[in-house]
Amino acid sequence: MDMTMCVSWSVWVLSWQQPRFPQCPARQDVIDKGYSFRMRSERCGIAIKDPDYISQVENTVSLSLWVMLTRSCSGGECSLVYRFDNAGNLHTPLITIDNKQRVHITVYFGAGEPGRVATLDRTLPLNKWARLGVSIGAGGTLVGCVGNNPCQFWNFNQPIVYDENAGLWLMGGNVYLPGAAGYFGRLQLHRDTFYGVEDLTGALGTPQKDHPMWNTKEGYQNCVPFK
């Protein structure tokens, strides 16, 4: 009986099989997360557990989120996407909008250190699908853009901490912050990949015409409020 260990940051995979070579979880470089749902600015959302995998490039990821806002954020801040752990600590990235549809991306640098916020110049439109793109680099760099507009670049001069195996993804709101009102479509991760300002928009792509997110009249679930 073999006990196989595959290190994925803090993840230990125990296998009671007898493979000839150690077997680690299969890793997908590009993966869709969650499912399409709608919100009315409630304190609700969907939580997504990540399958374990072996990260090859530390603190590096790119993501795209398709969203169609149906009204402006009624409070000072509404949540789109963020990560948290079982202790309730926030992880990189926390993506929110304000009452003018401006996008704010908060990144974190380690335990006890405050997060830093990057604000995009372009706003998310109302009643129209838009793609939000974010790319995080290992050296403390961040790129963000809305749709096909020019991307913006930030360098925080210290490593941004991102660990996909520590915590959960959450789309929408939570008990502390309401989610944005509208339709949440595809959330897609490009693991271990950083795209610069010239490459991010073209790399993220657009869902196929038969993707369920395009049909807002059918197939959309309401999110369940958190208690």
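Let me begin with a term: helices (H or I, at least four residues) and strands (E, at least two) are DSSP runs, and they are numbered from the N terminus. What we are looking at is a predicted model, in which local features need pLDDT of at least 70 and side-chain atom pairs count only at pLDDT 80 or more, while totals for chains, interfaces and linings use all residues. Residues are numbered from 1 along each chain as its sequence is written, and side-chain values use heavy atoms, with hydrogens and water left out.

I will start with the loop between strand 15 (182-191) and helix 1 (200-204), where Gly196 has its place. Gly196 is partly exposed, at a relative accessible area of 22%, given that buried means under 20% relative accessible area, exposed means over 50%, and partly exposed is what lies in between, for a 1.4 Å probe and protein chains only. Thr141 stands 55 residues from Gly196 in sequence, and their C-alpha atoms are 9.3 Å apart in space. Asp192 also lies in the loop between strand 15 and helix 1, but Asp192 is buried, with a relative accessible area of 12%. Although 131 residues separate Asp192 from Val61 in sequence, the C-alpha to C-alpha distance is 5.1 Å.

Let me turn to another loop, the one between strand 8 (90-97) and strand 9 (102-107), which holds Gln101. Gln101 is buried, since its relative accessible area is 11%. Leaving aside residues up to four places away in sequence, Gln101 touches Leu69, Ser72, Thr123, Leu124 and Leu126, where contact means heavy atoms within 4.5 Å. With Ser72 there is also a side-chain polar contact of 2.5 Å, that is, a pair of N or O atoms within 3.5 Å, of which, within protein, one must be able to donate a hydrogen and the other to accept it, and residues adjacent in sequence count only if both atoms are side-chain atoms.

How many salt bridges does the structure hold? It holds 1, taking a salt bridge as a side-chain nitrogen of Lys or Arg within 4 Å of a carboxyl oxygen of Asp or Glu. The side chains that meet in a salt bridge are those of Asp98 and Arg102, at 2.7 Å from N to O.
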